[in-house]
Amino acid sequence: MSQIIVNNVQKVFKTPGKDVIALKDINLEIKQGEFVCLLGPSGCGKSTLLNAVAGFALPSSGEITVEGKLITGPGPDRGMVFQEYALFPWMTVAQNIAFGMEVQKKDKAEIDLTVNQLLEMLHLNDFRDRFPKDLSGGMRQRVAIARILALDSPIMLMDEPFGALDALTRRNLQDELLRIWNKLGKTILFVTHSIEESIYLADRIVVMTYRPGMVKRDQYVDMPRPRDPSSAKFNDLKRELGRLVMEEQQRHANDEMKLAAVD
Amino acid sequence: MQKLKDFAYGALVPVLLLILWETGSRLGLFSPVLLPSPTAVAIKWWAYLMPGQAQEAGQSTLAWLLSGELLHDAYSSLYRVIAGFLIGAGLALPFGLLMGASTRIYDLFNPLMQILRPIPPIAYIPLAILWFGLGNPPSFFLIAIGAFFPVLMNTIAGVRQVDGIYLRAARNLGVNQWTMFIRVILPAATPYILAGVRIGIGTAFIVVIVSEMIAVNDGLGFRILEAREFMWSDKIIAGMITIGLLGLAIDTAVSRLNNHLLRWHRGLEH
């Protein structure tokens, strides 16, 4: 049975002049424990779709259900990891991780236990009393992941979480994420515009078209992990998906040129 | 060693000025009534600081040492600043949070605030005396008005500039309205609020001196006005210096508090 069902979703942004159709006829079924990447160029609506699942911006028509329940707003059953980390700068690492559990009124002993486990799991032990300003980007994203894991939500939504990190830190965190996913069996919906990242991580890659955002290709990745980015199979898929994404990127670029000409 | 050098460098201009002033006084260039010499001021300041009477039997030495006029005046002024500030800021903070968070409340009260804000607290003096009579209450009222607006305006601005990403992250974690307000919006707005507090304390300190010139019979503002009646210009200057020192002490304390409360803040090095 599918855990997340996206049924005929449309999203229209009303702007002065004309309406922009960001999502059109999106139908997706995501199984429990599946690692799904949404892949596409800027403006393809992948973040819009993720925000719709998160409940931040509901669809204009169609519906999204999680475990049979219609999504009407954000909630701790769908934890979100943002590209900008969005840690609360006035809270220490441990306080950031504990906050979601305090909101849920868990008891103190349980919170302490979970915080300690998560600090351990994400190698943050030495940083528990630091403030986010003192941490590197990679460390901050570890805290953001720990904060979501503390919610114990079955679904993790990730909006280009490693986009701002350098290549080595990025690979490091990708491996970390796979390890956690393996251990905890979460369903992950992961937005990225990196083809390689999507192939390295996902069970399934949903390639989206540029405006209006539609599903262009729903591609299963049939490779055992850990995946070797230099293998022939990896690169065949990379070439194939690269072609698809670049078609859309070209439409995006043409659109921008047109806009520039009008200005 | 470097610290000592920095201190010596910073002291250069004040010390030179003092020497010039003292020399001028000794040469008889200034009338001692209009501008007494620095030594005369220092002697007066010391007399003002030390106890006026000999130690009484049964009085502890500490109580005796603290019984001087200066300490009593400084304490009175400080008490008024703190009480008035707490009233003003205590009203401004919740009000500012509401006005910052709700456009409807903002639109309802903003016109009134914009009319009242430019009226200097000093202009309330006649009303303050009519309403509250003499003694501390009119001072509290005037100081509270002086502190109210800076804290209010900065609190509104602070709430409005809270980055939407924090609100989204908090909603994602499932917070309710109250928790959002207390644990997200309020701390996110503290840098602005504390900037307002600092301005508000500064205003309160100006207003306290003025208010003491009208309705009370102690405090630093009262004392320098009293000294003028007797043409004690050495005591006027001694009082002014005390006001400066107390202002510096208050600002240092607020700045310390700032650094502690904002130790998480990116722009702050300590």
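**Chain B, annotated spans**

I began with the UniProt record for chain B, an unreviewed entry, which lists "transmembrane region" at residues 7-24, 78-103, 115-134, 140-159, 192-216 and 236-254. UniProt positions follow the numbering used here, feature names are shortened, and annotations may be inferred rather than shown by experiment. I noted that this is a predicted model: local features need pLDDT of at least 70, side-chain atom pairs count only at pLDDT 80 or more, and totals for chains, interfaces and linings use all residues. Residues are numbered from 1 along each chain as its sequence is written, chains are lettered from A and ligands numbered from 1 in the order in which they are written, and side-chain values use heavy atoms, with hydrogens and water left out.

I checked two of the listed spans. Residues 140-159 of chain B are 100% helix and 0% strand, with end C-alpha atoms 27 Å apart. Residues 236-254 of chain B also come out at 100% helix and 0% strand, and their end C-alpha atoms lie 27 Å apart. Helices (H or I, at least four residues) and strands (E, at least two) are DSSP runs, numbered from the N terminus.

The record, unreviewed, also places "domain: ABC transmembrane type-1" on residues 74-254 of chain B. I found that span to be 84% helix and 0% strand, with its end C-alpha atoms 18 Å apart.

**Chain A, annotated span**

For chain A, UniProt gives "domain: ABC transporter" at residues 4-235, again in an unreviewed entry. Here I read 33% helix and 27% strand, and 30 Å between the end C-alpha atoms.

**Where B meets A**

I then turned to the interface. In contact (heavy atoms within 4.5 Å) are 21 residues of chain B and 26 residues of chain A. The buried area is about 2200 Å², and carbon and sulfur atoms give 66% of that. Buried area is the accessible area (1.4 Å probe) that two parts lose on being put together, summed over both. On the chain B side, B:N172, B:L173 and B:W264 lose the most area to chain A, together 34% of what that side buries.

I counted six residue pairs in polar contact between the chains, both residues at pLDDT 80 or more. A polar contact is a pair of N or O atoms within 3.5 Å; within protein, one must be able to donate a hydrogen and the other to accept it, and residues adjacent in sequence count only if both atoms are side-chain atoms. Two elements of chain B give two or more residues to the side that touches chain A: α8 (164-172) and α9 (177-212). α8(B) gives the most, with seven residues.

**Salt bridges**

The cut-off is a side-chain nitrogen of Lys or Arg within 4 Å of a carboxyl oxygen of Asp or Glu. B:R183 lies in helix α9 of chain B and A:E102 in helix α2 (residues 93-103) of chain A, so this pair joins two chains. Its N to O distance is 2.6 Å. Between chain B and chain A the count is one salt bridge.

**Aromatic pairs**

The search of the whole structure gave me 18 aromatic pairs over all chains. The rings of A:F35 and A:W181 have centres 5.5 Å apart and planes at 75°, so I logged the pair as edge-to-face. A:F35 is in strand β3 (residues 35-39) and A:W181 in helix α5 (residues 167-184) of chain A, 146 residues apart. Rings of Phe, Tyr and Trp (its six-membered ring) pair if their centres lie within 6.5 Å; planes under 30 degrees apart count as stacked, over 60 as edge-to-face and the rest as tilted.

I logged a cis peptide bond between A:R211 and A:P212, with omega about -5°. A:P212 sits in the loop between β9 (204-208) and β10 (215-220).
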